[in-house]
Amino acid sequence: MSLDLTPPQLSATEEARRQIEICNACRYCEGFCAVFPAMTRERAFADGDLTQLANLCHNCRGCYYACQYTAPHEFALNIPAALAEVRVDSWERLARPQALARLFQTHGVAMAGALVVALAAFFWALAALRPETGAGFYAYLAHNTLVAIFVPAFLLPLALIGLSLRDYWREVGGGRVRLSHVLRAFDSAARMKNLSGGHGEGCNFEEGDRFSDRRRVFHQLMMYGFLLCFASTASGTVLHYGFGWEAPYPLLSPPKILGVPGGVMMLAGTAGLVWLKLRATAALGAVRVWGGEMAFILLLGAIAATGLALYGASGTALVGPLLAVHLATVMVLFLLMPFSKMVHGFFRLAALVAEAGKPAPAGGGE
Amino acid sequence: MKDWPETFDLAVVGGGNAALCAAITAAEAGASVLVLEGAPAPYRGGNSRHTRNFRCMHRGPMFPLTGAYEEEEYLHDLMLVTKGKTDEGLARLAIRSSEECLPWMQAHGVRFQPSLSGTLSLSRTNAFFLGGGKALVNAYYNTAADLGVKIAYDAQVSHVHLDGDRIAWAEAEIAGHPVTVQARAFVLASGGFQADLDWLARAWGPAARNFLIRGTPYNRGVVLRDMLDQGADSVGDPTQCHAVAIDGRAPKYDGGIVTRLDCVPFSIVVNRNGDRFYDEGEDVWPKRYAIWGRLVAAQPDQVGYALIDAKSIDLFMPSVFPPVKADTIEGLAAQMNLDPQAVRRTVDGFNAACRPGPFHPTELDGLRTEGLEIAKTNWARPLDTPPFYGYQLRPGVTFTYLGLKVDARAQVHTAAGPIRNLWAAGEIMAGSILGQGYLAGFGMTIGTVFGRIAGKEAAAHVA
């Protein structure tokens, strides 16, 4: 009988709505994360409500393993996958142009292709634009050339993400933003509260129904490593323009003190995330973007590895080729920010800020 | 028939909360343990997978419980629902032991959360499992596996062979293959018989075929029947089951918590003929939901219809299926296959009997009808604001009362005395304590307390 009742192919949003309405009549999972308390505000779910819930969800999978209604039960709930599909859909729908997001979110090979193009471009640049003077890697590409290439490559994608977030805010009905909302969102992201499982023992990512904190640990290594590397670059800029202190920098300088540990953390974090992703059940996420997600993690790992290698190769003939490879990976990351998994950080923060701005969830009667 | 290759110290029949508490306790005491779970792995855990909390005695605040809940109050609450149909000695044992169970549960992987939204009334008495009963079941299966307990899924025990005052072996079918299980001790924790509709129909009458079964389809009482046939002492009314009124569109089995409907106090409820049959506003819903299964079961075709108007639709927990909706009472009745004129007359009569006054959805507001043969004594507001909504109600069976009589060591007896190597825990013996009615979270208390006792006794027996 259940076969006859199987609805025709639902869109990601329709399927999520079907599942969330069943979910909202149960509420056993309220303690796992922010999604379930947020759900109790509604009895009916508009598309924007589902977009918001989907971007609040960190895919910890606690609710899947605790659920009485997963397949083979006829309700066939798989909330982590349903919300993952809506989440990726929202990143694609709100991106501009959408086609680029659909391409790079889904296909790891597209990202690899972009990397090949970037590599070719930088090897050409190193050959064609090599300055007559300069120390360290500025001997290969002048500081002004680097700035001229990377500042727009960083700022333009950020501007596109800004436009997406504006649309997101409208879609989910976000209210006026207060500093307290932003602080609460950053606090949550800084500690990855929503991957704690509610009990602090982590999520159900790579070991079935057993809890593990590995995903939170590796993600934070990667994220804080990335932020340290970003701070390293920023500190270099400040030293360069503010103090006239130009690269190469010694080990005991802000760019190196920040960048070397940052690179090592990124490398460890990305290696861990790759390992977890290979062990985790793909069907509890958005299956169609598995390749795109994996390519994104590998890209971050490649940035860290080539950055560290570049430092290690100081003064050798390898600096030139390593510089080209490193710059190419960074360039692909920057240009694809609005179209790759990188965008999840921006949407996640927006969702956390929007959630912080909503009234505290009120319980239903019984 | 094939013999299981090894002889275990303990074989546990069943795979829910009580079974796992017994298996874990025995394994920690050094026993080799086999768990025979009748369901396939995705449905493991019996009715425990549908539970959500544990009623726990405590003398002061103790996470996640607030305040204190002492033995006498707990027992008083039990006496109220069972109307004295309980073995007070066993009841006090369950209540007293519940306090030490909470830390034991945490030490074995169960995690708790503050009271769920809509259940604040239980925050003092009931500890809610983080993620619900299936999360608890998962934690116990992991703990058991780490202790070396062997788990056989899809293992349906058909016969537990009584030879004198001992159980000699058990016959089971594991994944379709007949197997004889040898063990030095046995614990029966295989639940009640509520999923066997034929048995229900014999006990209750043919109307039982229209009942929905809220929990697992695997609790068919095969081992219970087998033990009763071999002369085991029984307890509990064999004709009774605990039923609540649930959404009539729920699956036949395993609909669980989401099929509940909390709308009755804000509705009028009519039967197949369009007539009201009971005071919908007699008391707050947590104190009344348990009687509505029986009330609906007594109506023609075992069905009721709760009718609500737009004023009240947001006053209760969301339903799993959307309500039937119409702009007129007649339209609503027609959509629910009721006689529109009959329903119209009932609603008109009810509306005319309503009196103005303050309405308080969360407390007994005394807003009652006047002059009706069947009064509504609280929350009586006319159904006058479209759109109108309707839910079909059917009895949903939660558990049955007939079980094995046990003593304070959870041991099973025959007229000749105790069966030396047989213990029982959980729903299969809960009738000893819960002779009538139900107290939220008490099934898990009985299962945990007697599961642990059974495991300890069985391990001591084989040591």
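Predicted model: local features only at pLDDT ≥ 70, side-chain atom pairs only at ≥ 80, totals over all residues.
Two residues count as being in contact here if their C-beta atoms, placed from the backbone, lie within 7 Å. On one side of their meeting point sit A:Gly108, A:Met111 and A:Ala112 of α8(A). Facing them from α13(A) are A:Gly291, A:Gly292, A:Met294, A:Ala295, A:Phe296 and A:Leu299. Sorted by type, the residues of this contact come out as 6 nonpolar and 3 polar, with no charged ones. As for the geometry, helix α8 (residues 108-128) and helix α13 (residues 290-312) of chain A have axes that come within 7 Å and cross at roughly 35°.

Zooming out, chain A turns out to have 15 helices and 0 strands. Its C-alpha atoms fill a box of roughly 75 × 40 × 35 Å along the principal axes. A compact globule with 366 residues would have a radius of gyration near 21 Å, and the 22 Å of chain A agrees with that. Of the 366 residues in chain A, 46% are buried.

The contact between the two chains draws on 29 residues from chain A and 35 residues from chain B. On the chain A side, the largest share comes from helix α5 (residues 62-66) of chain A, which supplies 3 residues.

Conventions: Residues numbered from 1 in each chain as written. Chains lettered and ligands numbered in written order. Helix = DSSP H or I, 4+ residues; strand = E, 2+ residues; numbered from the N terminus. Axes fitted to C-alpha atoms, helices over the stretch in contact; angles between N-to-C directions. Nonpolar A, V, L, I, M, F, W, Y, C, P; charged D, E, K, R; others polar. Rg over C-alpha atoms; globule rule 2.2 N^0.38 Å. Buried ≥ 20, exposed ≤ 12 C-beta atoms within 10 Å, placed from the backbone.
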